[in-house]
Amino acid sequence: MRIQLTLFIFAFIFSTQLTAQKAPNFKITTTDSESIDLYQTYLNEGTTVVIELFFVNCPPCRQFAPFMSTLYKDMQEREIAVEFISLSVVANDNDDNVNEFKTDFEHDWPFAHYGGGSREAAQPYQDGTFGTYFGTPTIVVISPDGTVNYDTRALGNNAQWIANIEQAILDSQTPVNDMEMEEEIPPVVRPMAKVTGGISTTQGDGLSGVSVAFSGAKDTVLTTNADGTFETANLIADTSYTITLAKNDDHVNGVTTLDIVLISKHILGIDTFTMAHQHLAADANGSGSVTTFDLVQLRQLILGKIDEFPTGKSWLFDPESQFLGALTDLQTLQFTAIKMGDLNGSASTGGLHQSEDRTAAKKIELLVDNQNFKSGETIRIPFYSSQSSNLQGLQFALDFDPEVLQLEGLHDELSTTFSANNFSFLQKDKGYILTSWNTEEKITEAALFELTFTALRDGELTDILSVNQSLMKAEAYDFQLATYGINLSVNPEPIFTEIDVELFPNPVVNTAHLTLNNDEKITWEITVFGVNGQIVKQQKVIGSKGLQTLQINMTDFPSGIYTVQLASENQVNRTLRLVKQ
């Protein structure tokens, strides 16, 4: 019994010494270069000081930070004489990451790290002087008279912990004699709520990377997960909030020439939009209506002539913002995301359910004739397609060797549908040409378009032309809106131009006429090749001297592009393209 009584007296004396110990003074320099003396700056002026022991990458500290921010704002609004000071307890925190922490959680009070003296200031609250140290965050309330209320925590209940800190602050402002006379004030415990939600595209895919901002009594900003969901920390439930969404990266994501085709059909009344989100996606310039100017903006974006939409927005949301009069625990919110310029839902969501590549495995051939050239020569390269008469649109990036060829531009006399607006030559010095084109009229010309180059050295086309799939998705669309890939093929046969030859009509329905003019009577061999180089027709004709016309019957030939070769005495005199409708 005597031993137990002795231990009780010792424990009582030890406990009394702990609680009676006054807070030691400290001097620190904050991350804002402010000098602080605990007693002279605050305590001697009647200001209570709340010390937070933390570090930047401490998960519990980051979880607790919004609660501290709300409490601090509440104390300021109530004009309570209190100041918070956060002291980092690790050596690798510095001005940059500490200030970033302050900004992220909107903490407006002084912060200090080791370089500003936080280590020495925090030590008495870590070494057992005032009680057992359980790690970060630890919250210490120091009264103006230096009395320490050590570690106010309420494990597993952040709301109660905040209430304990608030009560400790209020108690520190009241003299002891007055406290004994006053009735005990119960701690204020405000109801808290957690809000969950999700953001999905019009295709039903969750959209990641969306900034979700809650503005109200406790401002909170978070980002959606890979599946498009989000969940807030606890918010004060009995106050109102406004929720706003934003995602403005990668404006060209999901925007292709097919979207221009779809918008064109709407403008022309051929196939009008039926859903509200289509109007929003098509309004590229944010004018409130869908016009041809929106098509101009989209094409400039696809071709890399502009980097973003005029509105500065990449994604729109329905609803754009939402006001909540009060929160309910575990309330679920749902939003729909609309990608600007993306009419067919091809945009990548960056999450668990990626939008599929809708480019079909079937491809069309983009054809050019091979040419041998000498340094200094001007080269004109027509581009043909095996399905030109059924093409409604296409886009692709063309690679060429800028050390061999120098791009001069588009030879626009060959095509009535292609113009300089369908091309971007901004990266021609790197050997890149981008094109985006569409039409509502069927092409009647033999060639789609023609580019002009100057040869910088000797060479031939088979070595230096290709389609670049990484720079831009190469795809084409027919009038039924089927999507095709694009292959570029260079016809290996060289072109000779020793005689004047004209092939008409081109495109042809039944009979093509080959008109030529030569100085002597010659036996001609006319060979027609299919798209894969196979011989589909061959005939010999004894020509006459002077101007003459030879006929080629194409009535039973399927539609497509053919090569017509004119030869004499085993010498190829001319190779021409012929389109059969």
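Contact here means heavy atoms within 4.5 Å. In this predicted model, that criterion describes how helix α8 and helix α10 meet: Thr257, Ile260, Ile263, Ser264 and Ile267 of α8 touch Thr292, Leu295, Leu298, Arg299 and Ile302 of α10. By residue class, the contact of α8 with α10 consists of six nonpolar, three polar and one charged. The axes of α8 (residues 257-267) and α10 (residues 292-302) are 10 Å apart, and the packing angle is about 175°. Angles over 145 degrees count as roughly antiparallel, and α8 and α10 are therefore roughly antiparallel to each other.

Helix α10 also has other neighbours. Its buried residues are Asp294, Leu295, Gln297, Leu298, Arg299, Leu301 and Ile302. The elements that cover the buried residues of α10 include α8, α9 (276-282), β21 and β24. After α10 comes Gly304, which has a positive phi near 80°.

The chain as a whole gives the setting for this pair. The protein chain contains ten helices and 36 strands. Of its 581 residues, 50% are buried. Among contacts in the protein chain with a separation of 6 or more, 72% are between residues 24 or more positions apart.

The largest nonpolar core has 34 residues, and Phe396, Leu405, Phe449 and Leu451 are the ones that touch the most other members. At least two residues of this core come from each of β18 (363-369), β20 (378-385), β21 (391-400), β22 (405-410), β24 (432-438), β25 (449-455), β27 (465-467) and β29 (483-491). Strand β21 provides the largest share of this core, five residues. Another core, of 26 residues, lies apart from it and has Val98, Trp109, Val141 and Ile165 among its members.

Not counting residues up to four places away in sequence, Phe396 touches Leu366, Ile433, Leu434, Thr435, Phe449, Val467, Met472, Ala474 and Ile486.

Charged side chains form a further set of links. Side chains of opposite charge can pair when their charged atoms come close. The structure holds ten salt bridges. In one of them, the side chains of Glu106 and Lys73 meet with an N to O distance of 3.2 Å. Glu106 lies in the loop between α4 (95-105) and β5 (111-112), while Lys73 is in helix α3 (residues 59-77), so the pair ties together parts that are 33 residues apart in sequence. Glu106 is partly exposed, at a relative accessible area of 35%, and Lys73 is partly exposed as well, at 25%.

Another salt bridge joins Glu320 and Lys313, with the closest N and O atoms 3.2 Å apart. Glu320 counts as exposed at 52% relative accessibility, whereas Lys313 counts as partly exposed at 33%.

A salt bridge also forms between the side chains of Arg577 and Asp369 (2.9 Å, N to O). This pair links distant parts of the chain, with Arg577 in strand β36 (residues 571-580) and Asp369 in strand β18, 208 residues apart. Both Arg577 and Asp369 are buried. Elsewhere, salt bridges that share partners join Asp74, Arg78 and Glu166 into one network.

Ala246 is in strand β14 (residues 241-246) and counts as partly exposed, at 34% relative accessibility. Leaving out residues up to four places away in sequence, Ala246 touches Gly209, Val210, Ser211 and Phe317. Ala246 and Trp315 are 69 residues apart along the chain, and their C-alpha atoms are separated by 7.3 Å.

Thr30 is in the loop between β1 (27-29) and β2 (35-37). Residues under 20% relative accessible area are classed as buried, so Thr30, at 5% relative accessibility, counts as buried. With its neighbours within four places in sequence set aside, Thr30 is in contact with Ile36, Pro110, Phe111 and Ala112.

Methods:
Residues are numbered from 1 along each chain as its sequence is written. This is a predicted model: local features need pLDDT of at least 70, side-chain atom pairs count only at pLDDT 80 or more; totals for chains, interfaces and linings use all residues. Side-chain values use heavy atoms; hydrogens and water are left out. A nonpolar core is a set of buried Ala, Val, Leu, Ile, Met, Phe, Trp, Tyr and Cys residues joined through side-chain atoms within 4.5 Å. Buried means under 20% relative accessible area, exposed over 50%, partly exposed in between (1.4 Å probe, protein chains only). Helices (H or I, at least four residues) and strands (E, at least two) are DSSP runs, numbered from the N terminus. A salt bridge is a side-chain nitrogen of Lys or Arg within 4 Å of a carboxyl oxygen of Asp or Glu. Axes are lines fitted to C-alpha atoms, for helices over the stretch in contact, and angles run from 0 to 180 degrees between N-to-C directions. Angles under 35 degrees count as roughly parallel, over 145 as roughly antiparallel, 65 to 115 as roughly perpendicular and the rest as oblique. Ala, Val, Leu, Ile, Met, Phe, Trp, Tyr, Cys and Pro count as nonpolar, Asp, Glu, Lys and Arg as charged, and the others, Gly among them, as polar.
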